[in-house]
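Please keep the sequence and the 3D view at hand while reading.

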Amino acid sequence: MSRHFLVTGAAGFIGMHTAMRLLERGDTVVGLDNLNDYYDPALKLGRLEVLAKYPGFRFIKGDLVDRELMSDLFATEKFDGVVHLAAQAGVRYSVTNPHTYADCNLTGFLNVLEGCRQNQVGHLVYASSSSVYGGNEKMPFSEADSVDHPVSLYAATKRANELMAHSYSHLYNLPVTGLRFFTVYGPWGRPDQSLFLFVSAMLKNEPIKVFNEGKMRRDFTYIDDIVEGVIRVLDKPAIPDACFDPQQPLPHTGRAPYRIFNIGNSDPVPLMDFIEAIEASLSMPAQKNFLPLQAGDVTETFADTRALDAWVGFKPATTVSQGVSRFVDWYRTYYQV
């Protein structure tokens, strides 16, 4: 049976791919995006052109912080579910533009929660981030770990989203699921992400910036794997955890219909190996400019995905070499280089 969904951030990287998967299986989707200029809006418009080919898609340009718009949208559309992917992204950008993160990631998320509460939405799935693990050094990162030491404002807002979601789930019995994404990459990716920056610079014969002297590892996760996890979780609304023990409370479940899951490849790749995969796909060496670790960055991410596997029977598996090759093919085609 076709269902009706709101996808916020539909002109974004993950939003576009998620909306497309829902449309391909026969659901209807309202996409919301403010088309801001954090990066080139032309890429966002290109994604919307892809989505516009589906008869079940309708786009609304609007901002999450517009309370009246959000209230009217939820009241009019009566969504079966919401996939909330809109946010001000970027760890480094949050160091110099903190108020933008408070507006979009906190006030905007509150408006989404209110819309879901006021209109009995069946399930809210929202984007959290591996950044919430902050300075943690125990690997792999588990949803059961404490996440009280963020090292960027971006990470702090994502953790705040998880806490806000729990309060609404507890107070109003609203099924909510948070997904901690780990270094998502692939076709139609964001221009501020490392893969996009590296490929763009190399094709222009420019040096690439390699932070922390290249001594980093990331749990790179291909976009198709991310979307598969999102869809499976969306189709299985959160329920109270019958085993939840308030004497020893875990942060990712509860007595409310509330869950948090990691979505990552569970295979952290050294940054230099990632660069080698790009060099192989482009058949050219990269000129490397080695730089110190930037403020807000962490040296390693590594997802424990056993909880996601147990919940929906899925574990990402696309290799970096496969994913990078697909991105390079898309990039060359899209930019005709």
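This is a predicted model: local features need pLDDT of at least 70, side-chain atom pairs count only at pLDDT 80 or more; totals for chains, interfaces and linings use all residues.

Residues are numbered from 1 along each chain as its sequence is written, and side-chain values use heavy atoms, with hydrogens and water left out.

**The chain as a whole**

The chain has 11 helices and 13 strands. Helices (H or I, at least four residues) and strands (E, at least two) are DSSP runs, numbered from the N terminus. With a radius of gyration of 19 Å, close to the 20 Å that the globule rule gives for 337 residues, the chain is as compact as a globular protein of that length. The radius is taken over C-alpha atoms, and the rule is 2.2 Å times the number of residues to the power 0.38. Along the principal axes, the C-alpha atoms fill a box of roughly 55 × 50 × 40 Å.

Of the 337 residues, 55% count as buried; buried means under 20% relative accessible area, exposed over 50%, and partly exposed in between (1.4 Å probe, protein chains only). Among contacts with a separation of 6 or more, 81% come from residues 24 or more positions apart, where contact means heavy atoms within 4.5 Å. The chain exposes about 14500 Å², and carbon and sulfur atoms supply 52% of it. Accessible areas come from the Shrake-Rupley method with a 1.4 Å probe; for residues, only the protein chains shown count as cover.

Strand 5 covers residues 124-129, and six of its six residues are buried. Leu-124, Tyr-126 and Ser-128 point one way, whereas Val-125, Ala-127 and Ser-129 point the other way.

Strand 5 runs parallel to both of the strands in the table, and strands pair if DSSP finds at least two bridges between them.

| Partner of strand 5 | Bridges | Residues standing opposite |
|---|---|---|
| Strand 4 (residues 81-84) | Three | Val-83 and Val-125 |
| Strand 6 (residues 176-181) | Six | Gly-178 and Tyr-126 |

Together with helix 6 (residues 153-172), strands 5 and 6 make a right-handed β-α-β unit. Right-handed means that, with the strands pointing away from the viewer, the path from the first strand over the helix to the second runs clockwise.

**Backbone exceptions**

Most residues other than glycine have a negative phi, and most peptide bonds are trans. The bond from Met-139 to Pro-140 is cis, with omega near -10°, and Pro-140 is found in the loop between strand 5 and helix 6.

Leu-35 has a positive phi of about 55° and is found in the loop between strand 2 (28-33) and helix 2 (41-51). Asn-212 also has a positive phi of about 55°, and its loop lies between strand 8 (208-210) and strand 9 (217-218). Leu-35 counts as buried because its relative accessibility is 18%.

**Nonpolar cores**

In soluble globular proteins, nonpolar side chains tend to be buried together. A nonpolar core is a set of buried Ala, Val, Leu, Ile, Met, Phe, Trp, Tyr and Cys residues joined through side-chain atoms within 4.5 Å. In the largest core, which has 67 residues, Phe-181, Phe-274, Ile-278 and Val-324 touch the most other members. Leaving aside neighbours within four places in sequence, Val-324 is in contact with Tyr-185, Leu-195, Phe-274, Ala-277, Ile-278 and Ser-281. A second, separate core of 26 residues includes Leu-73, Phe-74, Ala-86 and Leu-124.
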